[in-house]
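The sequence and the structure are shown first.

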Amino acid sequence: MSREAVYNNADFIEKNDVGDGAWLNAMRDSLANYAMPQYRPLNPEWPEVADIVSNYISDVFAKQISAEEAMEIANEEVAEVYREAGYIS
């Protein structure tokens with residue numbers, strides 16, 4: 001698992017050894033025992049949100065829109081989806 005490899009990497013450990021290893025141990029415990037294998041919101045609106053974001057990312061790769069503009073518009077559209085679903089106001 002790539003994230004586990006990061007937390008066990010000597011350079012990462014050296015740079016992030018906070019609290020005599022307490023932070024790293026907490027992160028390893030969280031990864032091993034609580035991390036969800038799905039890196040997305042688990043809600044029924046996710047497919048629509050994923051379509052919005054991926055379409056704008058494709059537009060950026062096609063040089064049809066800047067990344068900044070694409071993400072600003074995508075953010076507005078995603079917020080509207082979640083607003084309509086009642087997650088945000």
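In which loop is the place of Lys63? The model is predicted, and in it Lys63 belongs to the loop between helix H4 (46–61) and helix H5 (67–85).

Lys63 is a residue other than glycine, yet its phi is positive, near 60 degrees. With a relative accessibility of 75%, Lys63 counts as exposed, because the exposed class begins over 50%.

A positive phi is also found at Asp20, which is not a glycine; the value there is about 55 degrees. Asp20 is located in the loop between helix H2 (10–15) and helix H3 (22–33). Its relative accessibility is 79%, so Asp20 counts as exposed.

## Domain arrangement

The domain assignment divides the chain into domain 1 (3–34) and domain 2 (45–85). Between the C-alpha centres of domain 1 and domain 2 there is a distance of 33 Å.

Is Phe61 buried or exposed? Phe61 counts as exposed, because its relative accessibility is 69% and the exposed class requires over 50%.

How values were computed
Residues are numbered from 1 along each chain as its sequence is written. This is a predicted model: local features need pLDDT of at least 70, side-chain atom pairs count only at pLDDT 80 or more; totals for chains, interfaces and linings use all residues. Side-chain values use heavy atoms; hydrogens and water are left out. Helices (H or I, at least four residues) and strands (E, at least two) are DSSP runs, numbered from the N terminus. Buried means under 20% relative accessible area, exposed over 50%, partly exposed in between (1.4 Å probe, protein chains only). Domain bounds come from an automatic or database domain assignment.
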